[in-house]
Every structure is written in C-alpha cells, then in structure tokens.
Amino acid sequence: MSNQPEKITALYCRLSRDDEQDGLSGSIKNQQSILDKYAKDNGFRNPRFFVDDGFSGVTFTRPSFMEMMDLAEQGKIGTIIVKDHSRLGRNRLVVGQLLEEDFERLDVRYIAVMDNIDTAKGISDLVPMQDLFNEWHAKNTSQKVRNVLRNKGLSGAPLTTIPPFGYKKNPDNPKEWLVDEPAAEVVKRIFDMCVAGFGPTQIAKKLKVDKVMTPTEYWRSIGKPYRRLSTVPYGWSADTVGNILSRQEYIGDTVNFRTTSKSFKNKKRLERPQEEWQIFKDTHPAIIDEETFLLVQELREHRRRPTRHGTISMFSGLLYCADCGEKLYYNAMDSKRQHPYFFCSSYRKNSDVCSAHYIREEVVAGIVLESMQRVFWYVQSFEKDFAMKQMAAFGEEKKKELSMKRRELEKTKKRVREIDSLIQKIYEDNVSGKISDERFATMSMAFEDEQKQLKTSIPDMEQYLETETNKSDSLQRFIDRVKCVTQLTELTSETVHEFIEKIVVSNPEYIGGKRHQSLEIYYNGVGIVREPSPEEMEELFQEHMQNRKSSQNSKTA
C-alpha cells in the first residue's frame, strides 16, 4: 500500500464572465489563495489546482472540470475543495447528482469552504435548497444579460463582439467597423467564385490549393491569438465558405437576433426565422454590392451539383419543364450521347408522368446568347420603348394573377378568423356537454394546426404581392445592368445568372420532318421580354434615324 501514489487534492476554481462583476472576492486569484490556505491548515496533501476561467456554472463541459472528473473516474482524486458551493456549478440537477451519487461512487470527499459543506460529515437537507437558489441566480443573471442585449440590438448596435471576416474594429471607436482590406479581398474572391458557378466545397478546395489563410489563421497572423488554430494549414471547409456567402453584413447592413439559445442552461445556438431578424441598413462600409449578394443567395437556393465527371453547366438550376414544372437534370455525357444535355427530372423518376424534354446544352447556349444579344441591343437602343412595352405587358399578364392572389390572401385571413370562432364554439359545446373531452381535444388540435399553417403562409403571400405589384424599380435595375454590358459575344456563368431567372423548355415537335423546340426565357426583374417584330424593329430604327437627323439639323442651325 505504501507504494501506491498519493491521491490528489483537487482545488477547483471557476469564474464566469458574469462573476467578474463581483470584484476581488470572486476572482480566480482570491479563490486560489483561500483554497491553498485551507488545504495547508487542514493537512490536505498533494494539492493541485484546476481552473476554469470564463465558464458559466450552468454548463459542465468545462475543460478543467472535465479533466478533474476524468482523474476521479480513474481513482486518482481523493478530495475536491471549492471556495463556495456555487463554484462547482449552478445547475441543481447535475450538482445534486454529483453530491448524492457520483462523488459517493468515486469515493471522493467534497468540501465547499465558505458554505460549510463537507460530504465526510454528511449533507444537510438545506443543500438542495441552496442548489435551487444558485440556479435561480444564474437564471436571473441570464435574463438580465438577454434584456441588455435586446435593448442594444434594437438600437442598431451590432451584437457580435467579433466583426465578420473582412472587417475590423475602429481603434478610435470600437463600435465602428472598418474594412480589413486583405481579408476583404478574400471575401470578394469567394463571392466571385460563387457567381462563376463554383459551390462552397469547390471554393474551399481552390482556396486550400492556393494556400489562402483561413479566417482563424489570418486573425492569428495579425496578432489575435484568441482563436483556436486548425491542425490542417489552409483548412478551408464548405461550412466556412457557406457562412461567408450568407452574411448580409457584407453589403453594409447590421443583422441582429439571427440566432438565439434554447435556455439559460442550453447554450447551443439556434437559427431564428428570418422574419425575426432586426436589420439596419447601411451601418458600415460594404464589401459586396447588394445585387451580387442577392444573386449569390439565388444561386445557393438552387444549388448546382457537379456530375460524376466533375462538370457543372452554367444553366444548371435554371431549366424547367414546361409540362410538369420540374427542373431539368444535367448530364455531361453518356455512352449513347457525346454532347452534354438536359432532360426532365420527372421523366427520369417515372417515364409515365412526363416526357424527356431532351435538349442539348449547346442548343440552349445558342438560343440564350441570341436572345440576350437581341434584348440587350433593344434595351440599349430603344430604352424608353422597351420600358413602356414591359410595363404594359406586365399589366396585362399580372393583373389577373395579382387579383387572384389578393382574393386568396383575403380568403386565408378570413379562414383564420373563422377558426377562432369555431374553437370558441366547440369549447362552449364541450362545457355544455354536447361534445366529449376527447372529441374536443381532437377537433381543437386539428383547428389549431390548420390555423398555424395558414398564419405561416400569410407573410409569404403579402411579401409576394408587395414585390410583384411594383415592378418599376426592378425594371430600372435591369436596364441599368444591361447598359453596363458593352458587347456580348459569348456567355459566361456570371452573365447568365445575373440576367436570367429561369428558362422553360417545351416538348419538341416535328414539323415537316424537322425537330422544333421552343424556350421561354425569363429575365431577372422583368420576366419574359417582348421583343419587337422585324417590322416594328424597322419602324423603330427609322424613327431613331429621323430623330437623330432632326437633332443634328437643330445643332447646325
């Protein structure tokens, strides 16, 4: 027995960020001093400090605490001493299990100096009450912190303590964000690659090959060691890239209340619904323009997966079947066909549902390029005529649809009100004995589920009506973008996704032995562009030349 190593006397210290406000009495240094003196005065041998600085008492995944308990499981710890009982933790259920089961099972003596708790002398019946008060303290503190953060967030101040990668705090005003140029260049490159058709995984691989520092590595390189370094150099991941691509802060906006925690005990971050976010526009310099950001969100919503050959078409995610409305799948090549092509996804799953709608990628590219060249020339040459015709066409096409959507919205709202009345009626029937409790429970649950679904759909319907009712802004943005294109000689993924919303592919028809297939091209913000006929184009051209001649004559005069 004399050859066995002496058991450790664990002197455990903990300080959370909230406890830092308690001053010197709650400091780690003061805890260490008290515990060291107590161990010496009471003859506890082989003392060893275990310190968790900056960890909440409601969680027990603290590094030093877990190390201490691991040693206890190995039978290497004989006594655990804390300054006061709340240092062990503020979760009454876990603390109760430690005192009543774990410490006894592991033959570990537990002492809380200031609270006069010593398991060797037995546990007082008041200790569970003390655990409850300790938990209440944590709950109240958490609520106070939440209230402070909520008021701060509603004022427009960013809630994040660390600016997103690409920004840095202004040394003269820590509340202000400045663009961190080296990091911002990486952010711009990531967005550019996404617009070019690369997904997060492909972007991450490219950054790793080019030895671009990850955000953590970059922060370390400029003297911010509070981030944990990855064991893999330049170890970009798809999640890191995806997070950067989704951050609205890069267009100059502050976004608060994006996430929340389930409770003061469970600190796991949960995503809030987007309608609960608080967004404050233009609060700091933008790194990415808003149009590029919105384009990237659209691309990511319709994510394009590479084929087994590793290729991605610039049209992937844009082509839809005219008959069933499903997307067209992209196939780079197979044993029968040597040219990449698209075909209906419904047909692939069940050939009885739809037809193949087969079309080669090069055919789509030719039709789209020709259409974009004509539309761009039309917009740049006859801007006013284009705008007038698009607004007129919009009025004709959308009038019935918007009217139907408004009726549907009113019907939904009316049904929500009706359900309130129905629930009230069946409640009264239940009280009067007309329907049983079981029947009432079944009916009320069904009504509440229906009402919940209807209430969820109302904001989307209202947003759609608000967006579609006024097309003048989106039309002007489309015109401005087209005017920036000097000469379109070939298609790129950036151009296609900047200007095209979707392409609807009809089933081919054979006329006179020849295959004919039509495509409807929907442009972003304007839908289908009604191009002038050759006769109308000739008339517009003659009018344009006449106006130009009249203008020159006026200048000469």
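Helices, taken as DSSP runs of H or I of at least four residues, and strands, taken as DSSP runs of E of at least two, are numbered from the N terminus. The model described here is predicted, and for that reason local features need pLDDT of at least 70 and side-chain atom pairs count only at pLDDT 80 or more, while totals for chains, interfaces and linings use all residues. Residues are numbered from 1 along each chain as its sequence is written, and side-chain values use heavy atoms, with hydrogens and water left out.

**Overall picture**

The protein contains 16 helices and 20 strands. A residue is called buried under 20% relative accessible area, exposed over 50%, and partly exposed in between, with a 1.4 Å probe and protein chains only; of the 557 residues, 39% count as buried. The protein exposes about 33,800 Å², of which carbon and sulfur atoms supply 50%, the areas coming from the Shrake-Rupley method with a 1.4 Å probe. Contact means heavy atoms within 4.5 Å, and among contacts between residues at least 6 apart in sequence, 63% join residues at least 24 apart.

**Sheet and hairpin**

Two strands pair if DSSP finds at least two bridges between them.

Strands β6 (residues 167–170) and β7 (residues 173–179) pair in the antiparallel sense over 4 bridges and form a hairpin with 2 residues between them. The bridge partner of Lys169 in β7 is Trp177.

**Helix α4**

The expected span of a helix is 1.5 Å times one less than its number of residues. For the 28 residues of α4 (residues 127–154) the span should be 40 Å, and the end C-alpha atoms are 41 Å apart, which agrees. Buried residues of α4 include Val127, Leu132, Ala138 and Gly153, and what covers the buried residues of this helix includes α3 (92–105), β5, β8 (254–256) and β11 (278–280). After α4 comes Gly156, whose phi is positive, near 100°.

Most residues other than glycine have a negative phi. Asn46 has a positive phi of about 55° although it is not a glycine, and so does His357, also at about 55°. Asn46 is placed in the loop between α1 (28–41) and β2 (47–53), and His357 in the loop between α10 (345–349) and β15 (359–360).

**Cysteines and accessibility**

A disulfide is a pair of cysteine sulfur atoms within 2.5 Å, and by this rule the count comes to 0 disulfides. Cys324 is in no disulfide, the nearest cysteine sulfur, that of Cys344, being 3.5 Å away. The table gives relative accessibility for residues discussed here, together with Cys484.

| Residue | Relative accessibility | Class |
|---|---|---|
| Asn46 | 33% | partly exposed |
| His357 | 1% | buried |
| Cys324 | 30% | partly exposed |
| Cys484 | 64% | exposed |
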